[in-house]
Amino acid sequence: MTLTQFGWAPELGGLQNFFRHPAKWQLAAREKRDANMDKIPEEWILDPTILADGKSRRCVVGEFIELLLDDKSRHITSLDVLDLVTGMKHGKLTAVEVVTAFCKRAAYAHQLSGLLLEIRFHEAIEEARRLDERYKKDKRLVGPLHGVPLTLKDQFHIKGLDTSMGFVGWIGTFGGKVIKNPENVVESELVRELRILGAIPIGKTTLTQSLWAPETNNNILGYTFNPCNRNFSAGGSSGGEGAMQALRGSAFGIATDIGGSVSMPASFQGVFSLKPSAGRISFKDATNTGQGQEVMPTVVGIMAHSVESLRLVFKSLLSVEPWLYDPYALPIPWRSEKEYNPQEEPEYKPAFGLIAHDGMLTPHPPITRALDIVKKALETNGHQLIDWEWKRHVETVDIHGLIARGDGCYDVYDAARLSGEPFVPEIKNLFPNNRPKAPLPLPEYEKVVQRMKEYRQEYLEYWMSTAKRTGDRPVEAVISPVTPYAGVLPGGFSRSTYTSSINVLDYAAVVIPVTVADKEIDVVSPDFEPLGENDDLNMKLYDSEKQHGAPAAIQLIGRRLDEERLLSLAQTVVNAINAYKSEHDKGC
């Protein structure tokens, strides 16, 4: 981003005058950043030399951030959700110990990578203290997520915190709404459910201004780089949550998705995620852009460090029956009977489809290798894989864009105009001549919706037809890249269908980290033949040196509303990958 984009006008006195007289929106953003830092305890403020060291490194996840922690905090923050709950259940851990350790680590993560738009460490520790008092009195946990600290993408309302969603003009508001009496604030339905389950929010993470970009950038915290490999983007629009999970600043995270905003950041940062079909997790009383668009709605997803954690959090959220409070939450409780259980079906090995590429962009070598690892792991375990021969992925690009942004994004324009802040570079294409595009006329919009409905029907028919190729049941799930990249340079993302098609279909997807890029192994084959001009350009962007060490993931795609089955199949895939790696360590 240039200084001119930030408001510097040479004719008004040049660079020196710019820094003496910043625009009002810059002052508001700076005050917000300072206010957040004031919420971090003094003993958790990192020394400037440590910050400088961290910002000079390619990678700050794992060893770098862990060496900043004391032994107890390092141990606690290494535990998965179920281990944390079990530890508190048996009195080996207290909620205060757990929440304090994660708050400290989240504070370090924020200082290293600029991830938290909202901080509530003090309030979270006090909530943990009350949970410990209840546990001491009742000798039982309040719920299946008792004392588990989480972070949420800054679209969800929590009393005492702003919901700016990355807009400077929304600082001090609840998603653009000024609430005079804080006691009148209505928290998001999901937050209410998490409290009932015993979980404790410790902060809200950064996101893309407007949400409409596969990278994360806003005028409050700036651009979010990937802490696993700081050459690259954290992805978007939930890049802040993805980075927070990579740095293990919370035990799990809540994000949102309409075109890959959960799956892409998870894949770029080596964490697991679940993007369910619409209606499984409540989005009531949260803020969004394009709020009136319900044809292909935004869905709430989960990021965590294992399939087991995704399953526990998802199942727990369904247990509180959100459909009794949210008319758009589907009345579908957890269905154990849909899960795949190898012990109950020892003779049955589920078949999988495999998408090597979408016909537009060939995955970069680390992703191709990750797909190959998964393929070999499943085949070694007796599973059948068939090439996914659907040739029409490209159709979803237009369907998705016209439905998601058919209104011209006028609400984004209005929100930015409140403070006079500029559009970040990642969304400038949405506003030619600095104005919203004309909305799609209703008859044309209805034609696109009809096209989407026909596409869904034809895709389902293709899926069911795979029974002829497996010789038994249709494939249970489809293995696919999440994006063509293990890492994407800022501004280097080219549109692809790997995630947006999932939203067009309203299918569920689980992201599974597989390996990391290796500059010695992951090289472009001399026999590579591009699928077209864009694919040729895409492959030329690949830099094995820069991508070295970047996480490489795949996604497992399930049919609509089939999350229980998908999660059990995802665990099957993870088990197969782990077994395969133990036998074939080199190249994995």
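Predicted model: local features only at pLDDT ≥ 70, side-chain atom pairs only at ≥ 80, totals over all residues.
Local features require pLDDT of at least 70 and side-chain atom pairs count only at pLDDT 80 or more, whereas totals for chains, interfaces and linings use all residues. Residues are numbered from 1 along each chain as its sequence is written, and side-chain values use heavy atoms, with hydrogens and water left out.

UniProt, in an unreviewed entry, lists Lys153, Ser237 and Ser261 under "active site". These residues are spread over 109 residues of sequence but cluster in space, with a largest C-alpha distance of 10.7 Å. UniProt positions are given in the numbering used here, with feature names shortened, and annotations may be inferred rather than shown by experiment.

Lys153 is located in strand β2 (residues 149-153), and Ser237 in the loop between β3 (200-205) and α10 (239-246); helices (H or I, at least four residues) and strands (E, at least two) are DSSP runs numbered from the N terminus. Lys153 is buried at 0% relative accessibility, and Ser237 is buried at 2%, where buried means under 20% relative accessible area, exposed over 50% and partly exposed in between (1.4 Å probe, protein chains only). The side chains of Lys153 and Ser237 form a polar contact of 2.7 Å, and a further polar contact, of 3.1 Å, joins the side chains of Ser237 and Ser261. A polar contact is a pair of N or O atoms within 3.5 Å; within protein, one must be able to donate a hydrogen and the other to accept it, and residues adjacent in sequence count only if both atoms are side-chain atoms.

Ser261 lies in the loop between β4 and α11 and is buried, at 7% relative accessibility. Beyond four places in sequence, its contacts (heavy atoms within 4.5 Å) include Lys153, Leu211 and Met303.

The "binding site" feature, also from an unreviewed UniProt entry, covers Leu211, Ser237, Ile258, Gly259, Gly260 and Ser261. Across 51 residues of sequence, the largest C-alpha distance in this set is 10.9 Å. Ile258 is found in the loop between β4 (252-257) and α11 (263-268) and is buried, with a relative accessible area of 10%. Residues touched by Ile258 beyond four places in sequence include Trp212, His400 and Asn503.

Elsewhere, helix α13 (residues 365-380) packs against helix α21 (residues 563-583) at about 95 degrees, with axes 8 Å apart. Axes are lines fitted to C-alpha atoms, for helices over the stretch in contact, and angles run from 0 to 180 degrees between N-to-C directions.
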